[in-house]
Amino acid sequence: MKLSQTLGKSLWAFLFNSGSCNGCEIESVACVTPRYDLERFGIKVVGSPRHADLLLISGPVTRKMAPRLRRVYEQMPEPRIVVCVGTCGTSGGAFYDSYTLVGPVDQVVPVDMYVPGCPPRPEAIIDGVVKVLARLEASEKNA
Amino acid sequence: MSLLTPQQIADVLQAAAGAGFVSARCTEWAEGVKGRKSKQVWLKIARESLIPTLKRLVEIQYPHVSVIAFADTGAQVELMYHFHVYWGIPHEEILVTLAVPLDKTDLRVPTITGIIPGALTSEREKQEMLGIEVVDIPDGRRLFLPEDFPQGVYPWRKDETGIPADMVKNLWATGRDNLQFNDNPPPPAAPAAPQGETK
Amino acid sequence: MKTIEVKKPSGYATQIGPAHPALKEPVMFSLDIEGECIKKADFVPGMAHRGVEWMGMRRNCIQVMYLAERICGICGITHSISFVRAVEQIAQIQVPNRAHYIRSIVGELERIHSHLLWAGVAAHELGFDSAFYLAWRVRENVMDLLEYLTGNRVHYAIIQIGGVRRDIVPDQFPRIEESMKFFEDAYDKLAAVFLDDTTVQMRCRDCGVLTNDEARELCPVGPTARASGIKKDVRVDHPYAAYGDLEIDYMTPDLLTGEVRGDVYDRIITRLLEVKQSIGIVRQLLAQMPDGPLLAIPKPAVLLAKLKGVAGEAVGRHEAPRGEVMHYVRLEAGKDEPSAWKVKASSYSNYLSWIPMMEGEQIADIPIIAASIDPCISCTDRVALVRKDSRQILTKEELHRLSVEKTRRIQASLLK
């Protein structure tokens, strides 16, 4: 896989759980384990948003996590890609109304790609990441 | 150790509750091919009897406190203290529930953390979620709700102190301003909001 | 509401979190540190408080069942099984026995998947990433099996009030047995990796101790309690589903080592033993599975109408991979929605035991101690060290680095 020039050689990802049930989170981690092995593409999960190009967000964004999500987003260097993993971050899903949620995710930070599913399979998450990269490449070519 | 039957436990606790005793019942439920039964004892007692009854329960076996459940019944808030005794003996565990009804005019209850420290999480949660004052609680801070959550709003109450309609965020409706032109059916409407209902 | 006075800490005050949403309550730690040593520990959960109980009190029972499933993405079946058991007791619905067996089988497979997930995470926290990959590779096999049996990897959606929605037919038994053999081999490998390794022993022995008396008073559940010698397991204590038909034993670490110390190492032993126990339980359940229907009331509309007519209160419980889960449900006649619903997740009971575990330990031990009660990890997201006015932020990476460095130090001292 070839990465766009803007992002350099490899893509580093940061996982952020904004109050999800953990299902999406675990499936995202499963992406880096031997069965799916994202690391063969140079994609790596890092522990600090300052090192990350890609932000994988799961969950419907609770009140307590919303300012933290915004801060994590701002700490990431440009250009940044945001992928929203799971239905509850996309539209609320099973948590369609609540007093303590401020989501969906795109109400808090801009989102480039939505991966639906409750939770999406690891293949779907990989597909979402690859698609957003392809789109980025195409937009660079056109520019 | 000779084990008491659920009925005997109910009788012993009834005696300990004294004048505060309201009602008691024992239930059983069987599942599986062998139909082994799980046993429950349900006691309703006044607030004043909570501590003496619990002390008597500790004499039977040091109980494991599971959680304090709740119900808003209109004029009252009921707290259900769920304890397990006889754990560690296969198939013999008994779930003892002490239900304590509290009038909404006087929502105070003594802490049980002096007897079972493990109840602290649950008591803190009851304070913020139901507006109950747990007297002498060793740590009265908020637990789950955010720091900026308005005072005097208690999510689990079904009266005017419950969640007001304007605090509810409808996640499903965001970004769907043109809903009337949208083929997507809205999610099943929630039953009439319980806030502000008079019972 | 009363507030307590917060004393000015001496030394450092440390915060860990905002955390990884454990079940419904992720956690932020705040610790007082002197040098490397933790003097006082406290925690602030609520980062993932979604108001699930409030939502549930506005939906009908079948909708609540799916909402309950989404309380936790690791123990997908535990909350739905607890909720439906409470509702079944209120409505006096007799679940067919075959459904009880299927529920138990899926519950045990879930325990295997959760414990393997935990073993991987714990290894990662120790800087033992090859074991992390090994455990998660084995785990993919149980995920495949769960998908084969239920159709889903995570939220299985196999439970229905009054039974289950899918059968496990004899044609599928060989595939299950194949996986069980695979897990037996994998168990031997994992046991060798975790239990015979000197480094793991040196990092985990006598670290994060929860004594038997503390465990009795703080009321933890599941492997956290059993590793401290508390014999408490809902499957054994309280006969439900198909577990009442089996003779199951409490898995405590003394079965393997002959003693109970209540440290992190004992919690590793307990979970590994439970993986082996679950393999045996699945085999027994398959051998004894009775024939019969799957659902007591197959039509959802009939079911909802019945539930609308009943009133009462009941408690549904299940032994989740992390310990007891309990749902209290109260239904009123003429209402679709439950008038009260209280969810007690297993980590809810286990949080308080973090405090005695952490006090007196080193900063580098925080990741493994936090992970040892299996709170769905990553609670060590971000650490802020506060020293008077200056503020130092420790990221998860740095904390992890500290932990790995400690492991390397121990390994180096071993070589000498």
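In the predicted model, Asn60(C) occupies the loop that connects helix 1 and helix 2 of chain C. Its relative accessibility is 15%, below the 20% cut-off, and Asn60(C) therefore counts as buried. Although Asn60(C) and Pro338(C) are 278 residues apart along the chain, their C-alpha atoms are separated by 7.1 Å. Apart from its neighbours within four places in sequence, Asn60(C) makes contact with Leu304(C), Asp336(C) and Glu337(C).

The buried set consists of Cys61(C), Ile62(C), Val64(C), Met65(C), Leu67(C), Ala68(C) and Glu69(C). These residues pack against both helices and strands of chain C: the helical partners are helix 1 (52-56), helix 3 (76-91) and helix 13 (300-309), and the strand partners are strand 4 (159-160), strand 7 (323-331) and strand 8 (340-344).

Helix 6 of chain C spans residues 173-195 and has 23 residues. The distance from its first C-alpha to its last is 32 Å, close to the 33 Å expected at 1.5 Å a residue. The buried residues of helix 6 are Ile176(C), Ser179(C), Met180(C), Phe183(C), Ala186(C), Tyr187(C), Leu190(C), Ala191(C), Phe194(C) and Leu195(C). An α-helix has 3.6 residues a turn, so residues three or four places apart point the same way. The cover over the buried residues of helix 6 includes helix 4 (97-125), helix 5 (129-150) and helix 7 (198-204) of chain C. Also included are helix 11 (254-257) and helix 12 (264-288) of chain C.

Two of these covering elements, helix 4 and helix 12 of chain C, also pack against each other. A pair of packed helices is described by the angle between the axes and the distance between them. For helix 4 and helix 12 of chain C, the angle is about 155° and the axes lie 9 Å apart. Since angles over 145 degrees count as roughly antiparallel, helix 4 and helix 12 of chain C are assigned to that class. Their crossing is left-handed. On the side of helix 4, the contact involves Tyr101(C), Ser104(C), Ile105(C), Glu108(C), Leu109(C), Arg111(C), Ile112(C), His115(C) and Trp118(C). Helix 12 contributes Ile268(C), Arg271(C), Glu274(C), Val275(C), Ser278(C), Ile279(C), Ile281(C), Val282(C), Leu285(C), Leu286(C) and Gln288(C). By residue class, the contact of helix 4 with helix 12 of chain C comprises 12 nonpolar, four polar and four charged residues.

Chain A contains four helices and six strands, arranged along the sequence in the pattern β-α-β-β-α-β-α-β-β-α. Of its 143 residues, 59% count as buried. Among the contacts in chain A with a separation of 6 or more, 80% are accounted for by residues 24 or more positions apart. Chain B has three helices and eight strands, and from the N terminus its elements run α-β-β-α-β-β-β-β-α-β-β. In chain B, 52% of the 199 residues are buried. Residues at least 24 apart are joined by 54% of the chain B contacts between residues at least 6 apart in sequence.

Backbone geometry was examined next. Most residues other than glycine have a negative phi, and most peptide bonds are trans. In chain A, the peptide bond from Glu78(A) to Pro79(A) is cis, with omega near -10°. Pro79(A) belongs to the loop between helix 2 (66-75) and strand 4 (81-85) of chain A. A cis peptide bond also joins Cys118(A) and Pro119(A), with omega at about -10°. Pro119(A) is located in the loop between strand 6 (113-115) and helix 4 (122-142) of chain A.

Positive phi values occur at Asp136(B) and Ala241(C), neither of which is a glycine. Phi of Asp136(B) is near 70°, and this residue lies in the loop between strand 7 (133-135) and strand 8 (169-170) of chain B. With a relative accessibility of 58%, Asp136(B) counts as exposed. The phi of Ala241(C) is about 45°, and Ala241(C) is placed in the loop between helix 10 (234-237) and helix 11 of chain C. At 2% relative accessibility, Ala241(C) counts as buried.

How values were computed
Residues are numbered from 1 along each chain as its sequence is written. Chains are lettered from A and ligands numbered from 1 in the order in which they are written. This is a predicted model: local features need pLDDT of at least 70, side-chain atom pairs count only at pLDDT 80 or more; totals for chains, interfaces and linings use all residues. Side-chain values use heavy atoms; hydrogens and water are left out. Helices (H or I, at least four residues) and strands (E, at least two) are DSSP runs, numbered from the N terminus. The expected span of a helix is 1.5 Å times one less than its number of residues. Buried means under 20% relative accessible area, exposed over 50%, partly exposed in between (1.4 Å probe, protein chains only). Contact means heavy atoms within 4.5 Å. Axes are lines fitted to C-alpha atoms, for helices over the stretch in contact, and angles run from 0 to 180 degrees between N-to-C directions. Angles under 35 degrees count as roughly parallel, over 145 as roughly antiparallel, 65 to 115 as roughly perpendicular and the rest as oblique. A crossing is left-handed if the near helix is turned anticlockwise from the far one by less than a right angle, and right-handed if clockwise. Ala, Val, Leu, Ile, Met, Phe, Trp, Tyr, Cys and Pro count as nonpolar, Asp, Glu, Lys and Arg as charged, and the others, Gly among them, as polar.
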